[in-house]
Protein chains: 2
Amino acid sequence: MSGTGRPTVVVIGAGTIGLGWITLFLGHGLNVRVNSRAPDARSVVAEGLRTFAPTLLGGPRDPEELLERVTFEPDVARAVEDADIVQENAPEDLALKQRLFEIIGASAPDKALLLSSTSTLLPEAMGARMADAGRLVVGHPFNSPHLVPLVEVVGDEGTAADAVSEAVEFYRSVGKVPVVLRKPIARFVANRLQSALLQESIHLVREGVVTMEELDTVVTQSIGLRWSTIGPFHSFHLGGGEGGLLKWLSHLGVGLETSWAELGRPRMTEETIASLGGEAERLFGAKSYAELARERDRRHVAVLEALEAAAGPGSAG
Amino acid sequence: MSGTGRPTVVVIGAGTIGLGWITLFLGHGLNVRVNSRAPDARSVVAEGLRTFAPTLLGGPRDPEELLERVTFEPDVARAVEDADIVQENAPEDLALKQRLFEIIGASAPDKALLLSSTSTLLPEAMGARMADAGRLVVGHPFNSPHLVPLVEVVGDEGTAADAVSEAVEFYRSVGKVPVVLRKPIARFVANRLQSALLQESIHLVREGVVTMEELDTVVTQSIGLRWSTIGPFHSFHLGGGEGGLLKWLSHLGVGLETSWAELGRPRMTEETIASLGGEAERLFGAKSYAELARERDRRHVAVLEALEAAAGPGSAG
């Protein structure tokens, strides 16, 4: 613990993901030390707080006030030397992460919990140059980390069980919904699921069944709405009426396999990429990234707050 | 038009989907004639209205009051003879629907708009025994039709263009969000997308990466939330930061094809179906279908109202 008695979280990297974590951790009263080699790290973080603090759950926060609990240390070894928790957000480059965790492992206290936001790498690989990678755990967030509840917690064979449970406890303490993967798998769960849907989405747009805009409308106005409220299995269980999922699956049975075989297999040629990129630019290009992100996050807040209210004790319908 | 000047919609079939449509149409002030051969059709509809009317958008409605605008006619030919619009919800049986639309085509006024809730059949096939199937259009809703906005509007080569545009106009008039498919495709768009996600969901549960409950949590706490607010292309466009979807796709490029090739291909054996069905029963079986459906619909209302409020003029953030 730092001198104030609050845990000190060291956030490595101040890109989009790092800034989301910084905002979330500060919003929950933690002290944050930012490790970034950017010479303007302080102004980058100040700007990030101005962007994200208005959409913190539980109400907007004053970014200037949050900034008072941030310190900056551009040297990794010095940044982590009294860390309670490290959340690493370096680029998805295995050699780079291995070097980083080698330094972190040698410099952080033995009891420090080491978390990585990686979306593709596993602890064993990232910790290959550490004396002991047992306290290195993947904590993979979704964009925006300060707002979207899920964090996928992933260990592998060499990971200490108590490091995984500490990671779960830590993420819960800052309002996240951690899900521990029971075995490691490439690209984890949520990205695999969205990748499966993206494949068919690209197929349908490339085949001219719907435009990109229409595809997005189909999703938000049906399955997106549904899956924000109940998950796919819960939903298909209801699809079976009184007989539940068993009836639904028995009814469709092998027909499901047939329908899966008929899903599209688009080729990601340069022409396809250029065509989809151009269509997205026409659809969304009139607004800046910051403006689109603010709109998205404002809607996320609205939905999360509505679901929380609907789940509340006074809402039994 | 019927004598009251309000359009008369004939709803064929009073199962779950039919009851949802009946509730929606009544809630928007239309007269509804129900064609059902069930001897207790009136009490089935009364019960359906008691179930669905509390979750009508715009506020709950009195089911008894709605019931005053319903008439019943068990004979199909007589039911449709002065119809303005027919919404058909018979079981997914091609021969049955062909016989139904043969009768409907011979008995309904020439100007009547003929809509089918089918999730798998196309107008040409369903209308094979009609003198003219040009005014037969698919209007495929999602469960619950009175609540989930999407309706997929599908014609094929023989469909009259003005029938499609009248269908769009009609569905908009009752608060739906119609999306017209630009070409017919098996199982339309939304079911293909959810089928793609289901395939990978079953794979991940069967592989023991997560339980069914954890899979549902992953979805509701990440991509479900996200896709209730913005669609997948919009979302991936933001994933590319300032460079948008073009940058995101260029960065991943052929890697996407590799990741798609690694998605699961579960076999729907009897053992798999029994295992998944049993897990769902353990998860959800303590509550009745009606109770689960009410909870789902209450959350749908909460999210839809929150998104509408967030999109309102006073919400610019």
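Reply: A word on the UniProt labels before we start: their positions are given in the numbering used here, the feature names are shortened, and an annotation may be inferred rather than shown by experiment. Also keep in mind that this is a predicted model.

Let's get oriented in chain A. UniProt, in an unreviewed entry, lists a transmembrane region at residues 6-27 of chain A. In the model, that span is 55% helix and 23% strand, and its end C-alpha atoms are 13 Å apart. From the unreviewed entry too comes "3-hydroxyacyl-CoA dehydrogenase NAD binding", a domain feature placed at residues 8-182 of chain A. Residues 8-182 come out as 37% helix and 21% strand, with 29 Å between the end C-alpha atoms. Further along, the unreviewed annotation "3-hydroxyacyl-CoA dehydrogenase C-terminal" covers residues 188-245 of chain A. The make-up there is 78% helix and 0% strand, and the end C-alpha atoms lie 25 Å apart.

The domain assignment, for its part, gives domain 1 (8-180) and domain 2 (190-286) in chain A. Taken over C-alpha atoms, the centres of these two domains of chain A are separated by 32 Å. A:Arg187 sits in the loop between E8 and H8 of chain A. Despite not being a glycine, A:Arg187 has a positive phi of about 65°.

Now to the part you asked about. On the chain A side, 104 residues are in contact, and they meet 103 residues of chain B. Together the two chains bury about 10300 Å², with carbon and sulfur atoms giving 71% of that area.

One of the salt bridges joins A:Glu200 to B:Arg192, whose closest N and O atoms are 2.6 Å apart.

Which elements of chain A supply at least two residues each to the side that touches chain B? They are strand E8 (177-180) plus a run of helices: H8 (190-206), H9 (212-229), H10 (232-239), H11 (244-252), H12 (254-261), H13 (270-284) and H14 (289-311). H9(A) gives the largest share of that side, 17 residues. Sorted by type, the residues of chain A that touch chain B are 58 nonpolar, 27 polar and 19 charged.

One last thing to look at is a pair of cis peptide bonds. In chain A, the bond from A:Asn143 to A:Ser144 is cis, with omega near 0°, and A:Ser144 is in the loop between strand E6 (136-141) and strand E7 (150-154). In chain B, the bond from B:Asn143 to B:Ser144 is cis too, with omega near -5°. Here B:Ser144 lies in the loop between strand E6 (136-141) and strand E7 (150-154) of chain B.

Key
Residues are numbered from 1 along each chain as its sequence is written. Chains are lettered from A and ligands numbered from 1 in the order in which they are written. This is a predicted model: local features need pLDDT of at least 70, side-chain atom pairs count only at pLDDT 80 or more; totals for chains, interfaces and linings use all residues. Side-chain values use heavy atoms; hydrogens and water are left out. Domain bounds come from an automatic or database domain assignment. Contact means heavy atoms within 4.5 Å. Buried area is the accessible area (1.4 Å probe) that two parts lose on being put together, summed over both. A salt bridge is a side-chain nitrogen of Lys or Arg within 4 Å of a carboxyl oxygen of Asp or Glu. Helices (H or I, at least four residues) and strands (E, at least two) are DSSP runs, numbered from the N terminus. Ala, Val, Leu, Ile, Met, Phe, Trp, Tyr, Cys and Pro count as nonpolar, Asp, Glu, Lys and Arg as charged, and the others, Gly among them, as polar.
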